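Visitor: Please show me the model, and let us go through what its descriptions rest on.

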Amino acid sequence: MAVNLLKVTGGWCEKDKDKDDELAKELDKVSILKDDVEEQKIPDTSNNSEDKEDTISKAELSLLSKISRTRLVTTKADIEVQQKNPYSPLHSVKSFEALNLKPNLLKGVYEMGFNAPSKIQETALPILLADPPQNLIAQSQSGTGKTAAFVLAMLSRINPQLNHPQVLCLSPTYELAVQTAEVATKMGVFCVDTHVRLAVRDEVLPRGTKLKEHIIIGTPGKVLDWSLKYKFFDLSKIIVFVLDEADVMIATQGHQDQSFRIRRALVEENCQIMLFSATYDDEVMEFAQAIVPNPTIIRLKREEESLDNIKQHYVLCESEDDKYNAIANIYGGITVGQAMIFCQTRRTAAWLCEKMSKDGHAVALLSGDLSVENRMKVLDRFREGKEKVLITTNVLARGIDVEQVTIVVNFDIPVADKGRADCETYLHRIGRTGRFGKRGLAINLVSKKEADSTLKQIQDHFGRTISLLDTDDYDEVEKLNS
Ligand SMILES: Nc1ncnc2c1ncn2[C@@H]1O[C@H](COP(=O)(O)OP(=O)(O)OP(=O)(O)O)[C@@H](O)[C@H]1O
């Protein structure tokens with residue numbers, strides 16, 4: 001059966017093009033087709049006015065962090081089982097062998113370079129693979145191994161002898177669905193009799209089609225059409241239903257309702273339902289509980305965000321030029337590994353980038369003006385150390401890891417509505433430095449008025465002192481090295 005994995009992974013996904021090409025040629029086993037029913041695309045935020053605060057959609061952020069992730073995010077945070085299904089076998093596994101997987105699936109897991117389950121996988125996998133099947137709501141930060149966990153469960157549940165869809169996975173966008181299908185293809189590389197079909201825009205199937213693939217991964221609108229409207233497959237025969245990125249799903253218009261309609265057509269007694277989300281606010285929880293009956297809920301507790309190893313300072317600046325001089329003085333006086341400078345608007349970010357470049361600094365600019373593909377390129381170059389300074393906006397405030405950053409400068413202090421300090425964003429921004437217990441430095445460039453209001457709110461919020469730094473005093477700046 002033909003694989004057009006390459007076609008669906010075009011554009012920004014072509015990072016793995018050659019590998020996928022080989023994989024696709026070698027294994028004539030996965031049919032991934034696309035379809036054309038209207039579907040939520042990742043919103044284009046590039047038309048925002050330059051002076052407006054730079055924002056990024058949840059879907060875009062999720063995608064960016066997913067494709068920029070090169071390895072597992074390991075965490076010391078504890079697993080918390082919030083609501084325990086009495087039938088749930090809540091032991092954790094320390095090895096993939098202990099899961100009694102089909103040998104070819106286990107081989108695929110090892111082929112991906114996974115030696116042992118991640119923290120969330122240790123607890124989630126015994127539940128996902130339990131007999132009788134258990135419903136699960138799982139939350140864990142980006143990059144901790146959720147996708148790998150549910151893809152493993154999806155591949156392990158299907159019966160390849162039955163030629164009809166048995167597993168359905170809903171993703172909020174085309175791009176995120178493609179990512180999941182890629183993981184399924186890679187992990188199932190040795191399960192040659194297992195077939196996956198991508199149900200997303202651009203592919204029209206003839207009326208009367210009866211799908212034979214075992215696993216369908218798609219977006220809600222398309223899946224709804226294929227199942228309830230055109231009857232290309234039968235939802236009552238689905239034995240595993242996965243809802244990925246529930247928080248992004250909710251933020252994507254129309255998906256909630258479509259997901260409910262799909263959910264209602266499943267036969268509850270025969271179908272294991274699993275829901276994954278990186279965040280867990282009330283809306284996600286409500287959605288989750290409406291979709292998943294009698295779930296076991298597992299959460300990976302957020303690692304205590306510690307500010308202990310980050311020294312925080314502020315510099316008084318009354319204009320953008322003052323701020324520029326402060327940065328120049330800091331650069332002159334301390335040994336900077338890599339730095340990130342956060343601006344509130346694209347306009348300021350572009351201005352600063354131009355000025356620093358003219359002065360001979362190797363700087364990169366990453367704002368919402370760039371396409372996802374170009375953001376990836378900028379991030380990759382920064383990670384490789386080709387530029388030492390990355391000037392950015394809130395687009396990069398959270399979720400994206402660059403480990404080697406030693407200094408974060410808030411060119412503009414983050415404010416939320418009505419000019420109040422945005423403490424959460426502040427924490428996320430300065431958390432880009434001091435990763436994994438390393439020492440970090442955070443410098444806030446503020447006016448006297450901001451020092452007395454916004455900065456004070458931040459200090460009060462975290463119960464920390466942010467000390468004044470005079471960047472015109474060379475000795476004082478030099479002390480930052482120690
Ligand atoms: N047990 C494991 N051992 C080693 N690497 C792993 C393991 N599980 C997953 N990974 C790798 O870690 C990275 C993150 O995993 P995964 O995509 O499953 O996380 P996630 O929580 O779904 O993240 P996101 O929310 O960004 O999609 C991937 O590169 C994946 O291949």
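Visitor: What makes up residues 94–122, in percent helix and strand, and how far apart are the end C-alpha atoms?

Guide: The span is 45% helix and 0% strand, and its end C-alpha atoms lie 6 Å apart, where helices (H or I, at least four residues) and strands (E, at least two) are DSSP runs numbered from the N terminus. UniProt, in an unreviewed entry, lists residues 94–122 as "domain: DEAD-box RNA helicase Q", and such annotations may be inferred rather than shown by experiment. This is a predicted model, in which local features need pLDDT of at least 70, side-chain atom pairs count only at pLDDT 80 or more, and totals for chains, interfaces and linings use all residues. Residues are numbered from 1 along each chain as its sequence is written.

Visitor: Why is strand β9 called largely enclosed?

Guide: A residue is buried if 20 or more other C-beta atoms lie within 10 Å of its own, exposed if 12 or fewer, and partly exposed in between, with C-beta atoms placed from the backbone. In β9 (residues 310–316), 5 of the 7 residues are buried, so the strand is largely enclosed by the rest of the structure. Across the protein chain, 46% of the 482 residues count as buried.

Visitor: How do you know that β9 pairs with β14 and with β15?

Guide: Pairing requires that DSSP find at least two bridges between two strands. β9 and β14 (residues 440–446) run parallel and are joined by 7 bridges, with V315 having L445 as its bridge partner. With β15 (residues 467–468), β9 pairs in the parallel sense over 2 bridges, and here H313 stands opposite S467.
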